[in-house]
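Subject: the model you asked about

Hi,

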Amino acid sequence: MESSAKDGPDGTSIKPVSSLLAKFENLNKTTVDALSGPAPRTASPAPKPEWLRDASPSVLAREPPAVPKMRPKDKPNLANLHPPPSASTGYASSSSSPTRPGPYPASPRPAHPPSLLVEPPQSPPKSAPDFFSIGDHPGFLNTESLASSPSTGPRQVKVPSRPHTPLSDSRRSPGLTPSRPPSPPPPRRSAELRRDRDVRDSFKPVPPPINRAEKPSIMPSRSSYIADNAQAFDFRNHEHGRGDKVSPFHSPPSSNGTPEEEEEVPPMLPTRPKLQPKPLQRARTIQIGHVGLEFEPPPVHHSVATKRRDRDDMNGTARSPITPQITGEQRPALPARPQSILEPFRSTNISTAPPPPRPPRPGVNTNVSETGSANTASTKRVVSTPTAQNMPAPPIRHGRSMTVDRTSSRVPNEFRAPATTITAVHEVRSVEVLKGSLGKADSSAPLMTATYPDASNTNRSKPYISKGVHEIQTKYDSRVFDVCGELACTTGTFTRAWSLLDGELLMSLSMGDGGQRGTAVVFKPGANVSEEGARVWVGSNYGELLEADVISQSIVSTRPNAHGRHEIIRIYRHFNELWSLDEMGTLHIWGPDEKGVPTLVHGPTQSFRVPKGHTFSLVVGDELWHATGKEIRVFFPTLDGRSQFQVLVRPLSQDGTGEVTSGTMLTSDPDKVYFGHTDGKVSIYSRADYSCLGVMNISQYKINSLMGVGRYMWAGYNTGKITVYDMGQTPWAVKKDWQAHENPVVKLVADRSTLYKLDRYHVVSLGADNMLRSWDGLLQEDWLEGEMKRKDTDYCEFQKLKALVMTWNAGASTPNSLRYSDSDATFIQNLLLNSDSPDILVFGFQELVDLEDKTATAKRFLKPKKKEGSDQERMSHQYRDWRDFLVRSLDDYMSGDLYHLLHTAPLVGLFTCIFVKADLRDRVSNLSSAEVKRGMGGLHGNKGAIVVRFMVDDTSLCFINCHLAAGQSGANQRHNDVAAILEASILPAERDPAVRMDSYVGGGDGTMILDHELCLLNGDLNYRIDTMSRDTVVSAVKSGNLSKLLERDQLLVARRRNPGFRLRAFDELPITFAPTYKYDVGTDNYDTSEKKRSPAWCDRLLYRARRGRIEQLDYRRHEVRVSDHRPVSGRFRFTVKRINPKRRAVAWMECQQRWEDLRAKEAADEKLFYLTRNIGYDAATALKLMNERSSWRDHRSPSRHRD
């Protein structure tokens, strides 16, 4: 059928309307008809028909109109982020709202029909919800990402042989009128006919024939970080055949409509490197032939995509709207675009009175080799998570994760890296270093220290701070707080701020109704150091961020739904930036504004994704060390997003450790990172190569908080105790340990700013008892006491005293019982004659009454007090018999020396009797005794201890006679008995501070046993031999294989393995004698009764002293068969001192001067660390500020530094 003469060249009828309306209608019908036409067929090799050589080539590379000037500049838009898209893309006039992505094309193939300049806004597709960002701004960067999602196309990708006739997306048809039927489709190759006719008319040479086998017509589905638009494709090869016939409707408003201006297109992209397939890839490309064009696989079903996203989140994979990644060819440098309001934040100086400059925030890799351009590929951000490559989605806000430096003058080729290269570099680290570190970490096991820290010299005094208030009651359930200078701020149902100087409540804000509470708080960085601490940022469990002013007690700014509806769990400070993290793993970077401080007025500068399941995280330098359970991942967030986000390929973890709960760094050793675990271990990692340097056992309790303070490590535990460790030796030493809270310690904060602002260093702890307590971070009292102890040889005179100590479970025997055997009768005589005339004699007895007689025990426990007289008189008679027997023995066998009975003390079977020489009696002072009952839950004295203490000259001595819980399986009960005895404050306190420092240790005042300088513990401790049968033990004893038995001795095992075992602070001479328990009475046979108890070393002597002030000379047993226990004795040499007051005063002044010098040095180190690592000043500026502040303090104190 012949067309009418009035028909147009494409077969449509010419309407009697204006040429402009006709042009618009024809274009609309052409697009619709092209879309409604049949599927593409395989092209025939026949020559092109003449009617196909008439298409104008301008439609293939036409640019859309320029972005209107009224587009807001404070937020990025689609047009100013990338070069204008081709007119053939069909979305030039889509909505530019930064919160809504444009519609997605139905096919990954590019469309090239003429496009319109006016088009109604369209809603984002509902089929790709993952491409939206978390915050208030879109998650994409360039407009090509709208056409890159493989999930938006409903059809499978095909490779037709027709090279240049793509189909348009029906959803992009701008002028489709439902009431007007579409015209027949135009000839499929009319564009080529028109192009050839244009060439003949303009006398231009005809381009060579096109090799269709090498130029497939379909474009690959591009991700948001590949080629910009269709102008970069091989369609530019047809520019040689472009004619002068250009439609005026294809000229952008900013141009004059000339062909010369329209022919200016972005530079040609270089050849795209082939992307090697990787496991778990979402966006996988398929190479077609050897031309370099790639295609994406068919769309993934939404259920499968959801599962993949969840799986990737567990591996730390950044979800597509958060951290983009390269899956193929990279873009050329983008053209200049209008500056956004957040871009100059990184370079604009603070607008207040000349604050010192902050260091530059690293944005790209600074370890670029200048020897050649090949090494510059390491500056690219290749993937956000090396473990799996997700299909990237556009980022939020303006230009996050840009992979090409827009300010660079280098050609795009220099920025190209093979798609298969996964770099995890930033700053000074290279791929080789990381690979070497991973190999090192895998091949060499870290140092595992099973031995617990030495607790023998522990100081148990509470390090109260000398100035300011010690504790503050928050009066509500608070679990999060921060400290800055004299201010402490807690949050929960309320957000409150106090002054640590006087405890005054400065701010109290309610978080609102509906269950909203504060879950994270941090003091906002100031424009300069003098403005620090004025405002706080608070994150809520509803994902809201708010900024509060402390002085005015008002909320100055809020950001609702900053993290959606997800709970904000942490807010970090990094120089003048704040990073917020929610429970779903979204990390927002809030960069500084034009004033140099972060603000909530604008959205986050950058957003990233980290794994869910956060247990602890820590900012280390410019990195975020993020722990989920036992695994630790290292991330590198940046303001511009140009650097690799995830640093390591695999997470860090160590076998045999619990979940990570805490972590810290030390000012004295900033190259190491310490992490605390639930099982009481501390793992140590190197910042240089991320290798594990060691794992230390420091406790059996969960470590709730770790804090590095100077040269020491502070740890807060579930028990409410805070322990300070000295890491100068291996294993570590427990320097200090005290009960800080009645409930678990929630968090510790060491505030270095107080040294700069208040000239003091406090560590603040928050307990589950809702108490804030402030401690002296410099431990001044501990240092002075320790230094005076070390210098005691300068002002003290020393003397050595000999002591004899005997312990025996007499089994209700009396002195008359010893007469029935010749060996028993000479026991006391031989003991005294072989004692070498001791200055002090201590006799400790257990079970002087029959504890096995349950009837007598019940009568003693239940009989009313008014009838206890006769029973007490009978018991006292037994004790008097032994006392009188010992006095007669000393008179008979030690006739050359005169001894005085110093003290006797009984307790339901326990009996202690102490004698001293006559010439020593006048030197004894401050004598007192106490008892600790442990039987029947602390109500009965059948088990427990007698404590006697006194002073010889200026040395305190304490003697403990114990009888602990019995039973093979009662080891834990015995541990508890020991802890209760040693931790009981049962003795009178010493009031004089000078005496406490000179005569007691560990910061004690003499109320506890371990406060004394010389301690000696004896008794029936009842510790048995584990995991061996009675016959095996008896056989080993007969063969003399005592070492095999000692390896399983409960006391020795607990000292090695249990850090909470209180007897670890005591020493014991190695045992060389056979077990002293249990014998058949009157024989040398171990128990042959029905119970057949296994032999054990129940009767022990242990001592505790510092610097070798107690020396044990022997340790032996005695063959006395009247009881089922054998007596044990030991000879000791005690060193006591006498203080010279004048020389002590001189030593005290010297210690004070040394402390001031040491304090000034440590304070300078902490101030410099605070000003450089926290505030962000360079070292020269920090030193200048420190000198100025020091001069200001000296000026306020004219009495100092006088000539």
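Before the rest, some ground rules. This is a predicted model, in which local features need pLDDT of at least 70 and side-chain atom pairs count only at pLDDT 80 or more, while totals for chains, interfaces and linings use all residues. Residues are numbered from 1 along each chain as its sequence is written, and side-chain values use heavy atoms, with hydrogens and water left out.

**Back to that pair**

As a reminder, strands of a sheet pair through backbone hydrogen bonds, either parallel or antiparallel.

Strand β18 (residues 623-628) is joined to β19 by 5 bridges, and L624 stands opposite F635 in β19.

Then look at β20 (residues 660-664), where 5 of 5 residues are buried. (Buried means under 20% relative accessible area, exposed means over 50%, and partly exposed is in between, using a 1.4 Å probe and protein chains only.) β20 pairs with β21 (residues 672-677) in the antiparallel sense over 4 bridges, and T664 has Y674 in β21 as its bridge partner.

**An aspartate in a loop**

Is D953 buried or exposed? D953 lies in the loop between β36 (940-952) and β37 (955-963), and its relative accessible area of 14% makes it buried. Its side chain makes polar contacts with the side chains of R923, at 2.6 Å, and R1138, at 3.3 Å. (A polar contact is a pair of N or O atoms within 3.5 Å; within protein, one must be able to donate a hydrogen and the other to accept it, and residues adjacent in sequence count only if both atoms are side-chain atoms.) Leaving out residues up to four places away in sequence, D953 touches R923, V1136, K1137 and R1138. (Contact means heavy atoms within 4.5 Å.)

In α17 (residues 1030-1039), the buried residues are R1030, V1033, V1034, A1036 and V1037. They cover an arc of only 160° around the axis, so they are on the same side of α17. (The arc is that of the directions from the helix axis to the C-beta atoms.) In general, an α-helix has 3.6 residues a turn, so residues three or four places apart point the same way. D1031, K1038 and S1039 are exposed on the other side of α17. The buried residues of α17 pack against α18 (1042-1046). After α17 comes G1040, whose phi is positive, near 75°.

Helix α20 (residues 1141-1175) includes P1141, which is exposed, with a relative accessible area of 63%. The C-alpha atoms of P1141 and C796 are 8.9 Å apart, although 345 residues separate them along the chain.

**The whole chain, and where to be careful**

The protein chain has 21 helices and 41 strands, and 57% of its 1203 residues are buried. Of its contacts with a separation of 6 or more, 69% are between residues 24 or more positions apart.

How far does the confidence go? Mean pLDDT for the chain is 73, and 60% of its residues reach 70 or more. (pLDDT is the predictor's confidence in each residue, from 0 to 100.) Over residues 865-872, pLDDT stays under 50, and the model has 3 contacts for them beyond four places in sequence. Residues 1197-1203 are also below 50, with 2 contacts beyond near neighbours in sequence. Where pLDDT is low, the predicted coordinates should not be read in detail.

Cheers

How values were computed. Helices (H or I, at least four residues) and strands (E, at least two) are DSSP runs, numbered from the N terminus. Two strands pair if DSSP finds at least two bridges between them.
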